[in-house]
Structures are given as C-alpha cells and as structure tokens.
Amino acid sequence: MPPSAPTPISSPTAMPSHTSTPAITPPPSSSTVDGYNFGLSPYSLNQAPTYTKISNNSYSFYCYVPVHFTCVSSTLPMMYQPYDNSAVMEINAYSNTYNMSVQEAMNSYISLIDGTVKYSANGDTWFALSIQKDGVDYYIKCFVDHYIRYFTFSFPDQYLDVYEPYINYIEDNFKRTDV
C-alpha cells in the first residue's frame, strides 16, 4: 500500500512569525478533501518550533511532530496539521508484505504524486523525496525492510521557506529503533 498524498486546496495564511505572540482563532471557512480539513485560521509562533516525540514500538520507529500541529488522526496513519491547516503531516507504518525494495517503494511514491521530483536520495534501507505538483510540495522519508515506515509532509510551494526547517528537523530525527 503506497502512502497517501492529501493535497491542500486553500491558500494558507501569512507566514508564521517566530517573534510575535500566539494568536489562534477558529477557521472562518474550511474545505474537506479526502477526509482532511483545509481551512484558514491565523496563527503565529513566539519562538522557534518545538517538537513532540511520537514512538511506535510495534513498528520500531520514532518521529517528531511540531507541538503546534493538531492531531487529526491518532492511529496509523497518524495525521497532523498546523492551526492554519496550511500543511499536512502523515506518519505511517505497515508490513512490507510484497517485499518491496527501496527502489520499488520510491518509484511507487513518485507514480502516486506524478509531479516533478525536486530532490531524491536513498540508501540500502531508506529513501527521501521532494516532489512538486500543481503548486504543492510533497516530502517523504521512508524506511524499507520487513516494514514500510514513513512520514510525509505536504504544503503549498510558496511556504517552502516556512516548512523546510521543519522537514529538515523531522527528517534528521526520524529513526528506526530496531537497528
């Protein structure tokens, strides 16, 4: 089963500020696509993002989620969104029942998004991709062995400068615990 790829449809609010006081208000409007809510609600951060560690002992991994992201689904696949719904983060794991290789899993995700690959890297048991399609950036890091374990992060392309530091931190700290 390849990872899902929700697509934000609303324009996000202005870039979060790391120096102002948090201001969270309910979304004035929202839309739902594939079960995911994308709306508008302004927010800002008064400091650099902090993260919460999410561990899964069944699939032997952990991942970090920004603390200001709201949990949309707390079971696998786990879904998180910031208050302004300008991004979607998914964490998932399942058995690699078809014994997919790293290359096969990577090609599956590329086919699923069907966009322009902006970044690609891989090792013996992992891959990372950044794909852009229709103004949306999709990032995935995936471990491939007897399990498929991954996180995805998608957001409108104009917010790359906002979310790239998040992705870098999460990617650097997304780890298997069975090695």
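Close-up 1. K141 is buried (under 20% relative accessible area, with exposed over 50% and partly exposed in between, for a 1.4 Å probe and protein chains only), its relative accessible area being 9%. In this predicted model, local features need pLDDT of at least 70, side-chain atom pairs count only at pLDDT 80 or more, and totals for chains, interfaces and linings use all residues. Residues are numbered from 1 along each chain as its sequence is written, and side-chain values use heavy atoms, without hydrogens and water. E171 forms a salt bridge with K141, with 3.1 Å between the closest N and O atoms; the term requires a side-chain nitrogen of Lys or Arg within 4 Å of a carboxyl oxygen of Asp or Glu. Because E171 lies in helix α2 and K141 in strand β10, the pair ties together parts 30 residues apart in sequence, helices (H or I, at least four residues) and strands (E, at least two) being DSSP runs numbered from the N terminus. E171 also counts as buried, at 18% relative accessibility.

**Close-up 2. The salt bridge between D137 and K118.** The side chains of D137 and K118 meet at 3.3 Å, N to O. D137 lies in strand β10 and K118 in strand β8, so this pair joins parts that are 19 residues apart in sequence. D137 is buried at 2% relative accessibility, whereas K118 is partly exposed at 43%.

**Close-up 3. R149 and D178.** A salt bridge joins R149 to D178, the closest N and O atoms being 3.3 Å apart. R149 belongs to strand β11 (residues 147-156) and D178 to the segment after β12 (175-176), 29 residues apart. R149 is buried, with a relative accessible area of 0%, and D178 is partly exposed at 32%.
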